[in-house]
Amino acid sequence: MTIWIPELSGQGPRYRQLAEAIADAVADGDLAPGTKLLPQRRLADALGVTVGTVTRAYALAEQRGIVTARVGSGTYVCEPNTPSVAFSHIRQVALGSTTMDLSLSLPPPHPQREAALARAMQSIQHDPELLRAAIDYQPEAGQAWQREVLSRWLATLGRPVAAEDLVINQGGMHGIFLSLSALLAPGERVAAERLTYPGLISALQQLSLKSVAVAHDEGGIDLEALARAHDQQPFRALYLMPDCHNPTTARLSEARRHALVALARKRQFWLIEDDIHPQLDDEALTPLYRLAPECTVTLFSVSKLLGGGLRVGAMRAPPSLHPRLTAALRAQSWMPPPLMASLVCRWIESGDADTLLHWQREELEWRFDRAMQKLGDFSPRGRRGGFYLWLALPGELRTSQVVGQLQAQGVNVSSAESFCLGAVSAPQAIRVCISAADSREALERALEIIADTVGNPDPLLWQTV
């Protein structure tokens, strides 16, 4: 950490003066990329300003892409040409642009999605009783018939769960927020893999929770490292994605699942099982909630199955936790929107959802096979039927270099830095969402550009001196 104390200009609000001083120091080379800035309280004391002033200055510098804040670690100067790691699921592509955005984990486009949505809306339109219910207050956990429909559908997806164990919410991200709100108080610790879903990182920041980063490998989370982490920094909950880790695509083996459950029971911490990326294949493994129902909260969502804009999901939790979950839900939104939940349930009941998922599985398998053909020389990791690949860059390649070159050629991918929890150093790797391409043709072009860029990268600036 550099002991850098700026001189404020005296012109304008102090937080803006400090933000400008940070920008000038970065531009002049006084603050090198990767430099950790002083903690906010220490810098506030040194400058004779309030902590709030420093907080606003750091936030403004982060908005400008000059620094980046890491949960539980501090604020760092951004690497040059590193894309913003701000968590978003919005396509960053202008209308009419030829850019191919493979940075977002979105279900593959198909006209059948819109057609099925229209049919479900028409079904509700002609049901007066359902329309009346849609504009009235509902139970916090959702209507009983909606939970029954979701229960039956989840069973067909290999996730048998009792309807009374479900709490309907507004999608996976909402489920994360509700789980953390119900299980932990501000300042308590949550463990997760060193690379994890950016939405979790965002929720930890919002809820003032501390993070504990745990090592993981191709078989999932390292249980010995997890036990050591709990000994050193006891945590209340562990968040993980056992079926398809985001971003590395690792799957927790059956043996590790049983061992993890035994450890959770022994050390008495909760398991938050993110299952919004169900692997619709023939290698189904036992969900954690089936092994340890009393200490597991499992998150489901239709975002990756039907569409992210629907904002409908469900949580499976033990009955003892329901009062806290529904209290958190009530405090945030009173109840899940009954109209959206009814829309999804009618979509499911019509059979259109299953038809769409059958197509989606075949489409994702084709895309995976094609991606492995195009990128096979670089040994990407992924799962047939999955949404994305994890590509460790060969040799001395740097992520910022490859991401920047791809952007210049009209292809967006995700940097590994986006997934780093706390002070974890980012591996030189990228995530490529094969599901997000608008068409097979667009995916083919993007994969060719990625293969050419990784195989024949432009020289780094220092190499040309």
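Please bear in mind throughout that the model is predicted.

I begin with the helix pair. Two packed helices are described by the angle between their axes and the distance between the axes. In our case the helices are H4, residues 111–125, and H14, residues 352–375. Their axes come within 10 Å, and the crossing angle is roughly 175°. Angles over 145 degrees count as roughly antiparallel, and H4 and H14 are therefore roughly antiparallel to each other. Which residues make the contact? From H4 they are Gln112, Arg113, Ala116 and Arg119, and from H14 they are Asp352, Leu356, Trp359 and Gln360. Sorted by class, this contact of H4 with H14 contains three nonpolar, two polar and three charged residues.

Rolling a probe the size of a water molecule over the atoms shows where empty space is left. The largest cavity holds about 130 Å³ of space. It is lined by 14 residues, and those closest to its centre are Trp153, Leu154, Phe300, Ser301 and Val302. Which elements supply at least two residues each to this lining? They are helix H6, spanning 144–156, strand S11, spanning 296–301, and strand S12, spanning 313–316. H6 gives the largest share, with three residues. As to the class of the residues, the lining of the largest cavity has 10 nonpolar, two polar and two charged residues.

My next topic is the salt bridges. The count for this model comes to 19 salt bridges. In one of them, the side chains of arginine 256 and aspartate 217 meet at 3.1 Å, taken from N to O. Arginine 256 belongs to helix H10, residues 254–267, and aspartate 217 to strand S7, residues 216–217, so this pair ties together parts that are 39 residues apart in sequence.

Glutamine 268 has a phi near 60°, which is a positive value in a residue other than glycine.

Conventions
Residues numbered from 1 in each chain as written. Predicted model: local features only at pLDDT ≥ 70, side-chain atom pairs only at ≥ 80, totals over all residues. Heavy atoms only, no water. Axes fitted to C-alpha atoms, helices over the stretch in contact; angles between N-to-C directions. Helix = DSSP H or I, 4+ residues; strand = E, 2+ residues; numbered from the N terminus. Parallel < 35°, antiparallel > 145°, perpendicular 65-115°, else oblique. Contact = heavy atoms within 4.5 Å. Nonpolar A, V, L, I, M, F, W, Y, C, P; charged D, E, K, R; others polar. 1 Å grid on protein atoms, 1.4 Å probe; cavity = no way out; pocket = protein on both sides within 12 Å on 5 of 7 lines; lining within 4 Å. Points joined across faces, edges and corners; volume = space filled by probe spheres on them. Salt bridge = Lys/Arg side-chain N within 4 Å of Asp/Glu carboxyl O.
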